[in-house]
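Subject: Structure handover

Hello,

Please find the structure below. My notes on what was found in it follow.

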Amino acid sequence: TDSSHYYNAQAPYYLIPEIGSHTVTESGSTVILPFAHGINIADSLPTGLNVTPLYTTSSGAYTIAIDAETVQMPEGAEARSICVGAVAENAANGKLIWIASNGFTVDSMNQAISGGNYATFVACANWVCGESDIPSASPLALTTGTLSVSATSAGLLSVILIFLIPLLFVGYGLFCVIRRKRR
């Protein structure tokens, strides 16, 4: 229900969650989690297992079915903070990161927030691998500018490509034919 926690007023299912405290989130990069689902963390966990919420919604969030006809709060639903990203570690150094969004690494989501999703993805990979200095490159925009050609240049190129080059080939062909006939 808090418009400052989703990306577009027309699309409240593009969540901008609150960031928890963990090594993965140290950069503080903003992320967008489209179509995120909630993660329930059990109250009692097995011995040696530690689960830390990475991303949570605002306290006014509620869940709806993916095929719901409206994004209005369903009857009987309650507004609450929902975990949409978590980290689990066990005593045997096992690590699991669960970011509950099927569109977390989609280019359009990443570009909407200047690379925050990819930066978080790389931070997750670094943490799972136990490395802090894995080289990474920031994503580059692959769009190119429009090629502009002046009218004078276009006219000159047209004359060269349409008339001059074909005439040169025809002239060379005639030269070869005449030279062969003289032999």
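Strands E5 (residues 50-56) and E6 (residues 83-89) form an antiparallel pair held over 6 bridges. Strands and helices here are DSSP runs numbered from the N terminus, a helix (H or I) having at least four residues and a strand (E) at least two. Two strands pair if DSSP finds at least two bridges between them.

Before the rest, the conventions. This is a predicted model, in which local features need pLDDT of at least 70 and side-chain atom pairs count only at pLDDT 80 or more, while totals for chains, interfaces and linings use all residues. Residues are numbered from 1 along each chain as its sequence is written, and side-chain values use heavy atoms, with hydrogens and water left out.

Sheet and helix

E5 and E6 belong to an open sheet of 4 strands in the order E3-E5-E6-E7, with antiparallel pairing. E3 (18-19) and E7 are the edge strands; each has a single partner strand, so one side of each lacks a neighbour in the sheet.

Helix H2 (residues 116-129) lies across E5, E6 and E7 and runs at about 165° to E7. Axes are lines fitted to C-alpha atoms, for helices over the stretch in contact, and angles run from 0 to 180 degrees between N-to-C directions.

Individual residues

Isoleucine 99 lies in strand E7 and counts as buried because its relative accessibility is 16% (buried is under 20% relative accessible area, exposed over 50%, partly exposed in between, with a 1.4 Å probe and protein chains only). Not counting residues up to four places away in sequence, isoleucine 99 touches Leu33, Tyr55, Val84, Gly85, Phe104 and Cys124; contact means heavy atoms within 4.5 Å.

Serine 101 sits in the loop between strand E7 (95-99) and helix H1 (107-112). Serine 101 is also buried, at 12% relative accessible area, and is in contact with Leu33, Pro34 and Ala36 once neighbours within four places in sequence are left aside.

Threonine 47, in the loop between strand E4 (33-34) and E5, is exposed at 87% relative accessibility.

Lysine 95 lies over the face of tryptophan 127, 4.8 Å from the ring centre (the criterion is NZ of Lys or CZ of Arg within 6 Å of the ring centre and within 35 degrees of the ring normal).

Regards
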